[in-house]
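Dear colleague,

I am passing on a structure that I would like you to look through. Please open it first, and then read the notes that follow below.

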Amino acid sequence: GTPGALAALVVVHAHAEAGAALPTAARGAVSRGEVDTLVAVARELARAGHDVTAALEQLAAGAGTLLAAEGACVVLLERDTGQVAAAAGTLAALRGHSTVLMAPPSLFGEAVRERRLVVANDAAHDPRVDPRYSAAFGMRQVLVAPLVIDGEVAGVMCAVNSARGAFSEGDGVLAQRLADHGALALRNARLYRAAERAAQHARLLADAGRALAGHVTPRSFFPTLARLASDALGACGFRLLRADPATGEVAPLWVGGTGHALPHSPAAFWGSLGGAVVRSGTPVFLEDLAGEASGPTPQDQEAQRGYVAAAAGAGARAVALLPLALEGTVGGLFALHFPDARRFDPETRALLADFGAQLAVAVRNVSLLDAEQRARARAEASAAVARAALGAGDLAAGARAILGALDASFVVAGLALGVG
């Protein structure tokens, strides 16, 4: 009933029709029953919809069934690291395992580099088979098929130990067709998830914009910001600072939670990672304070070590440091601390950058309104003093009237952009 389901059915039908194009003679041949199994697995992949985990588990199970393999797994790749996202049969224990890919010669590396299926039917003596796993899982034969999405290899499907004694040419054809179905399912799930996250981010930014716009005084604005940082963004602490690289001025506007662990003095700030972010205008994201690498220069290394030590000591595990800029000029810092390690993927970084831009405008508006209210309060206080002085009958009475006017007038002028 949905466009995605319709597309999946079209793909399944297309591959069923393409069954006639698969090899059908000799062993290396693909039987009608195997084509039917391929179509059935493809249909199950389509049913998984946007559930990435279910789709990849179905892919691993389908590879074991279709190729008569003792074990199968799906490994998602990021640079030179592989994460076993799904596994079945004798490889089930690898589920969730992460590893650095073996240096060449490597079956995985060859499949990724050349974007084609590779097979090792004598795994015990093939140098391309990773020895870390071949002995542990008794690998005799290994087949690796790439999952190609938009021209890039996003992962590989791996099957081991054919019940038929070797992986044939026909097995290779089936495996690559199955991997193509898996790549399509993975791509569709990722697109769905990206669209869903974009909608969630848009709602969050809209809600935050309304909340910040509805509170225009420091007394209500900063507590609202604290609630947004905690409830909407999941932060355990934050710092909002006004910082001017030209004058060296640093003024904390509001600090909460683990943000209190960081120094606010100008000398300490400009020598810290936060100061470097303001000077460069480039955000910094620290995904795991327990394992963060140091910066590229000795000064950066010292600044990062100091910041990481202070934030981690207060209980933070991840940090986002966002420069606050208006019309191209950086004038502050918004630092968010999170209680657990997290990956700041491109979508999350974009969300936080948009939130920071929204916050910069809101802070400026609050500051302008606060300055206007303070100026008006001072003017009213001056007028009250003048009236009291003019209305007094003698010098002593005038002094008493002026002091009373001062007390009454300036009690409302004490709102400060401070720490809380």
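The structure holds one cavity of 30 Å³ or more, where a cavity is, on a 1 Å grid over the protein atoms alone, a set of points where a 1.4 Å probe fits but cannot get out. The model is predicted, so local features need pLDDT of at least 70 and side-chain atom pairs count only at pLDDT 80 or more, while totals for chains, interfaces and linings use all residues. Residues are numbered from 1 along each chain as its sequence is written, and side-chain values use heavy atoms, with hydrogens and water left out.

The largest cavity has about 330 Å³ of space, a volume being the space filled by probe spheres set on the grid points, which are joined across faces, edges and corners. Its lining consists of 23 residues, and those nearest the centre are Phe108, Asp130, Tyr133, Met139 and Cys158; a lining residue has an atom within 4 Å of a point. Among the elements that give two or more residues to this lining are strand 3 (98–100), helix 4 (107–114) and strand 6 (152–162), helices (H or I, at least four residues) and strands (E, at least two) being DSSP runs numbered from the N terminus. By class, the lining of the largest cavity has 16 nonpolar, four polar and three charged residues, where Ala, Val, Leu, Ile, Met, Phe, Trp, Tyr, Cys and Pro count as nonpolar, Asp, Glu, Lys and Arg as charged, and the others, Gly among them, as polar.

**One residue, and the confidence**

A polar atom of the Ser162 side chain lies 3.3 Å from the backbone oxygen of Ala166.

The chain averages a pLDDT of 81, pLDDT being the predictor's confidence in each residue, from 0 to 100. Over residues 1–27, however, pLDDT stays under 50.

Technical notes
1 Å grid on protein atoms, 1.4 Å probe; cavity = no way out; pocket = protein on both sides within 12 Å on 5 of 7 lines; lining within 4 Å. Polar contact = N/O pair within 3.5 Å; in protein donor to acceptor, adjacent residues only side chain to side chain. Contact = heavy atoms within 4.5 Å.
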